[in-house]
Amino acid sequence: MKSTNAPLWPLLLGISLLFTAAGMLHAAPSEPQWQALNHSLVSEHILPRYQSLQRSSAELATSTAALCRQPDQTHLERAQADFQQTMDAWQSVQNIQFGPITTHMRNFSMQFWPDKKNLIGKQLNQLLQQQNPDTLSVDYLYQASIGVKGLPALERLLFTGSLSDLENTSYRCQLTQTIAAYIAVNSQATLDEWTDGYADSVSNAGSEASYYDSHQEAAVDMMKALIEPLEAIRDQKILSPLGDGQVRPRRTESWRSQRSLRNIQLNVATLHHLYSGTKKSVDSLLRQQGRAAQADNISTLFNAIEQQLQAVQAPLITSLHQPETVKQLLEISAALQQLDRELSAEMITLNIQLGFNSRDGD
Amino acid sequence: MEINRRRFCQLLGSAMLLPQMTLAAADDSRSAQPMFASAAKDRSGQYHLYLIGQQGQVLLDHPLPGRAHHTEAHPQRPLLACIARRPGHFIDIVDYQQQRLVKRIIADNGRHFFGHAVFSEDGRWLITTENEINTGQGRVVMRSLEQNYAVIADYPSHGIGPHELVQQPGSSVLVVANGGILTHPDRGREKLNLDSMQPSLLRLDLLSGERLDQQQLPSDQHQLSIRHIDTNREGNTVIAFQYQGNIGLNLPLVGVHRPGEAIQLLRAPDPVNMAMKGYCGSARFDQSGRFAAVSAPRGDLISFWDLQKNQFISSIKSRDGCGLAATGNSAEFIISSGTGRCIRHNLQTGATTRQPQTLATAWDNHLTTVRL
C-alpha cells in the first residue's frame, strides 16, 4: 500500500487535465466554427440548389412556350419532363425556409400544399372558365391568389386533361406558359437575392449590415433547415396519406405527376447532404465535439431510410393500396422520428436552440 | 458532473459578477426593484418562475412542477400566480418577498387549465379559464383569495377552448378569448375540430357571469383562433390570432374589437403580414392604452399598432420573441424571447435597448411587469 503522505498534486493535475480534456471535447462550437460551417452550407448546399432551380425552371418556361406554339405530343412530353426536373430541383431545396425564398411568400407561391379545401382546383377552374386575356401575364400572377401561380397548378395543367385541351383552348396553354414563366422569375429572383446580399448577410453575421447578430444565430436557421423538414415529411407526406385505418392516396404530394415517392426520396437525400455532404458539415462538427458515436448513428439512420425508400414501389397513388407499402411507410415514418430525436439531441450538444415559443408555443 | 466550457464560463462569469452586484445592491436600493416575472425553461430542461430585477438580477427562482404559460402579478400584494400550460393542472401562488410558495391550486377533477388567469382589479379573486373535459365546454372560474382560493363562481365561457382572459380596467367586465379549438387530455394537444371550429370573443360581467356581448368571425375566417387579447380602459380589445389553415393564404393576424361593434381585422403591410407566418403569440396595450404590441414568434418579429387609428406602425426583429408587457412609459414595451434575450422598445424614440441580464434561460410565452 502506498504511503498516505504521497503528494496529492499528480492526482489533482491528472483530474484537472481530465476535466480540461472533457471540457474541450464537449464545448459548444465557437463563432469561427459556426462561420466556417455556414460558409460551406451556403456555397456547397444552398447556392447550387437554387442555381439548379433557376436553370430547370428557365427551361420549363422555354418548353411550355414551345408547347403553345406547337401543341403536339413531343412538345407536351418535353414540357412534362422539364416540369419533373423543376420539381426535382424544388424538392431538393424545399428544406430552406428562410431568407429570400420567404420574400413575398415565394415559398408558398412556388408550391401551395397541402391543399385540403381544393383551393387550387377551384381557382384554376375559375380562370379557365373566364378565359380573361388580362390574366395571361407574370404581373397579373404577382397579385393573383396563391393557388394559381405555382407548381401544383402547373402540374394540373400538364398532367391532367388531354393534348387536345391544349390544342383547342389556346387560353389553357397560354396560362400554362405564364405560370411557368412566373416560377422561373421567382426562382431567378431568389437566386439573385442570395448572391447579391443574403449570402453576405450570413458570412458577415454580427456586423451592422447583417440580418444576423452572430454566426451561431445564422446557424440556427441552417439547423432548422436540417431538422424541421423531418416532421413535415413524416406528418404530411407519409402519415396523412396513410389515413386513419383507410389509405388516402390523393393526399400524397404530386400524385398527378406520379412522383410522390420521388419527392420524399429527394427530401431525405437533401437533408443527408445538408448533414454531411459539404466540406465543413454538421457531421464533422459533431465529431470535433467528441460525438463520433452519435454522428455515426445519424449517418446510419440516413442511409437506412434511403434504402427503405428505395424498396417502396412507385407510384404511391396505386401502391398505397398494398399492405406491404403501408408497412414499409410506417417503418420509414418511425425511422424519420428516430432521426429527428437523435439530431435534436445533438443540437443540445452544439448549444443550438431551434426555437421555444416559435416551435412549441401556445 | 460534466463540466463544459459554457458551464465553466458561467461559473467564472457569476464569480466575477457577484461582488459588483453586492456593491450595486448596497449602493442603490433601486437595484432590488422588480422589473418583470415570467415562466422559463432552463438549459437542463427544468421549468422555473423567475422574478427579474431592474439590473437583470434574479430576485426569485421558484421551481415549477411542469411547464407554465402565463404569469400574473397581484395588483396590491407581493404575489405571483404562475399558471400551468394547457392541459395542465397547477397554479402556483408565490410570495416573492417571503420567497415561498403560498398555495398550489390543483384543477378540480374533470377539469384542466388553459394557461391563463387574472387577479381581479380589487385583488380579491383569481379568475381562470378551464376546460370541462367531458363536455369540452369552456368555463370561467373565480376563486377567492380570502377563502384560501376556494371556488366561488363557475361560469360558462360560451365557447370551446377559452384561452386568455383580461379584466377591462376600471370596470367589472371580463373579456375572454374563446380560441375555438377542441382538445382532450387523452389526445394530448391534438386539435380535434379544425374543420368546424368557431372562435369567439366574450364580454362577461364578472359579478354575475352574465354574457354582455359575444362576437364571432365570418364563416370564411373561422380558422382564425382568438387566443391572446388585451383590453384598455375604453373596453377596446386587441386580438392576436393564430391561423389554423394553410398560412399561404396570408390572412390578417391582428384584430380589434370595440364594445357594440363587430371584430375588425387589421392587416400589416404585406411583407410583414407574410413574415408573421400565420401565428401571433401575445398582445399587449401600452400604458396609455392607445398603442399595442403583437408578437409573432414564428416570424421572429414584433409588430406595433396605433389602435386609435387602427393602423400598423412598425415592426422590429426579435428572434423567437413572444412575451410582451407595457412599461410605465407610454408607447414602451418589454419583449422577452425563447433565446433568453429581453429587450425594451420605445415607439416614440424608436430605440431598442437590451435589458441587463444575468440569467441564460428560455423565456416562455408571456411575461408580466411587477410594480408595487
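1. C82(B) is in contact with A39(B), L49(B), L64(B), A68(B), T71(B), I91(B), D92(B) and V94(B), leaving aside residues up to four places away in sequence; contact here means C-beta atoms, placed from the backbone, within 7 Å. The model is a predicted one, in which local features need pLDDT of at least 70 and side-chain atom pairs count only at pLDDT 80 or more, while totals for chains, interfaces and linings use all residues. Residues are numbered from 1 along each chain as its sequence is written, with chains lettered from A and ligands numbered from 1 in the order in which they are written.

2. C82(B) also belongs to the largest nonpolar core, of 176 residues, where C82(B), L226(A), L80(B), I127(B), I239(B) and C280(B) touch the most other members. Such a core is a set of buried Ala, Val, Leu, Ile, Met, Phe, Trp, Tyr and Cys residues joined through C-beta atoms within 7 Å. A residue counts as buried if 20 or more other C-beta atoms lie within 10 Å of its own, as exposed if 12 or fewer do, and as partly exposed in between, with C-beta atoms placed from the backbone. The element that gives the most to this core is α9(A), with twelve residues.

3. Helix α7 of chain A, residues 151-159, is mostly covered, with seven of its nine residues buried. Helices (H or I, at least four residues) and strands (E, at least two) are DSSP runs, numbered from the N terminus. The buried residues are L151(A), P152(A), A153(A), L154(A), E155(A), L157(A) and L158(A). They pack against α3 (73-91), α4 (106-110), α5 (119-130) and α9 (170-203) of chain A. After α7(A) comes G161(A), which has a positive phi, near 80°.

4. In chain B, an open sheet of four strands has the order β24-β25-β26-β27, with antiparallel pairing; strands pair if DSSP finds at least two bridges between them. β24 (321-326) and β27 (352-354) of chain B are the edge strands, each with a single partner, so one side of each lacks a neighbour in the sheet. Strand β26 (residues 342-346) of chain B is joined to β27(B) by three bridges, and I343(B) has R354(B) as its bridge partner in β27(B).

5. Chain B as a whole contains two helices and 28 strands. Its radius of gyration is 20 Å, close to the 21 Å from the globule rule for 372 residues, so chain B is as compact as a globular protein of that length; the radius is taken over C-alpha atoms, and the rule is 2.2 Å times the number of residues to the power 0.38. Of the 372 residues in chain B, 48% are buried.

How values were computed. Two residues are in contact if their C-beta atoms, placed from the backbone, lie within 7 Å.
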